[in-house]
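Let's take a friendly walk through this model together. Please have a look at it first, and then we will go through some of its details.

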Amino acid sequence: MDVKYINPFVDSFLDVMPQLGFSEVSRVKLSLKQDFIYSGVIILVGIVGALKGTVVFRMDTEEAKTIASTMLMDTEPRDLDELAKSALSELANMITANAATNFSNQGVLIDISTPRLIYGENVLVKMSTKQVLCVSFLCDQVPMELNIGIAPK
Amino acid sequence: MKGIRMVIVDDSMFSIAVIKNILEENGFEVVGQAGSLEEVKAVISETKPDLVTMDMTLPGTDGLECTRAIHEIDPNIKVIVISSMMDDEIVKEAKESKVSAYIQKPVDADELVTTIHRIMASVELYQDLTNAYPLVFKEALLDAVNKMTKTLLTYKKESIPDEEFQSRGLTVIIGISGKFSGSLLIDLSKETAFQLVGAMMKSEPKNNDQVTAALGEFTNILAGNACSLLNKLNKAYGLRVTPPSVLQGDGVVIARPNFKTTSVLADTKFGEILLNVGFARGEHTWM
């Protein structure tokens, strides 16, 4: 998996998150994975076109609530309710769509699917690519992970 | 295209007269007009138009607040902003408020008419897809099971889920992109998956990896076949499927997505398989 595929996503993340109410957003780590087992909220967005694969957003349940609360400008803590899940899906959609625009500026044309959100404990996730690049971010001290499993067609 | 019913929102009698004239000359029906937020709410609730033309500057409100009020009444009503002001910032805000198109005053009749036709063609196309896809995906699942395992299945229940649901243990998710993007998932128990894959391979699967790989391919085939058939019905759909992801776990919950989906429950020789698929309307489709 080529590292050059991550910059459009990283740029998009750093660009979109501040617009959603996060003041300090930074990339903290990059790692390589194969299958992974997750607990918390998992949002999948599919990619087709010059590149094919899936992008998986992941955060712990408590962190997901904090992120949704920031996006929705809540004054009190929020549960992982319908509105929160809808906001988190929209977040995944915005970041991936923005990354698609960044790719198109480099002449790489991709299209994205609608996001699907699932949550649970110890969920084994198998993506279509052998290797997955995992980029972790901190958004106002809240950790969030972007797992990119894409490859040329 | 059936008769298109429209409402004009503007505070200038001159602008209303100009827009009304263009619309009526081109066969659209103007069913109401409004010049304030209160009037907008009243007229929209009463007339339920297909499409609204919206001025940006209005006394005590603005075009975007009125657009949000319209979508609270009915999110399917399309809004075209017609305003003398137009810059990148305001157009971006309009997009974010789910406006379908932005036209600058003075109104060019051809531009307005073409824009309306484009928006309404998209609405009709989505309706056609919504009518067609449940049967096509059901046929594709039946066909995939039949061809790959030489068994039949029966459908028990079809519904439009309005809340999240618990996974049976194993879920395959495939994204769909195109004119309308969407997603498909199948959900089944680990035992059902094991037996289904065993029948597909005509031998017992050696390990979990084999089951997930075969199930991913199975879902990929069924999604690909269904989307090809839909594209044959109308090539404007331009549907393409993204690679499968397989999720496994106990007590996994699949949230209701931000768009309407259809669920069908199939009874197979190997156990129950749930098929859930849907497409987003594409409110954000910018003309």
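## A lysine in a loop

Is B:Lys202 buried or exposed? With a relative accessible area of 74%, B:Lys202 is exposed. Here, buried means under 20% relative accessible area, exposed over 50%, and partly exposed in between (1.4 Å probe, protein chains only). You can find B:Lys202 in the loop between helix H6 (190–201) and helix H7 (208–233) of chain B. Although B:Lys202 is not a glycine, its phi is positive, about 55 degrees.

Helices (H or I, at least four residues) and strands (E, at least two) are DSSP runs, numbered from the N terminus.

## How to read the model

This is a predicted model, where local features need pLDDT of at least 70, side-chain atom pairs count only at pLDDT 80 or more, and totals for chains, interfaces and linings use all residues. Residues are numbered from 1 along each chain as its sequence is written, chains are lettered from A and ligands numbered from 1 in the order in which they are written, and side-chain values use heavy atoms, leaving out hydrogens and water.

## A covered strand in chain A

Now turn to strand S3 (residues 51–59) of chain A: eight of its nine residues are buried. S3(A) pairs in the antiparallel sense with strand S2 (residues 36–49) over seven bridges, and with strand S7 (residues 142–152) over eight bridges. Two strands pair if DSSP finds at least two bridges between them.

A:Phe57 in S3(A) has A:Ile43 opposite, while A:Val55 stands opposite A:Ile148 in S7(A).
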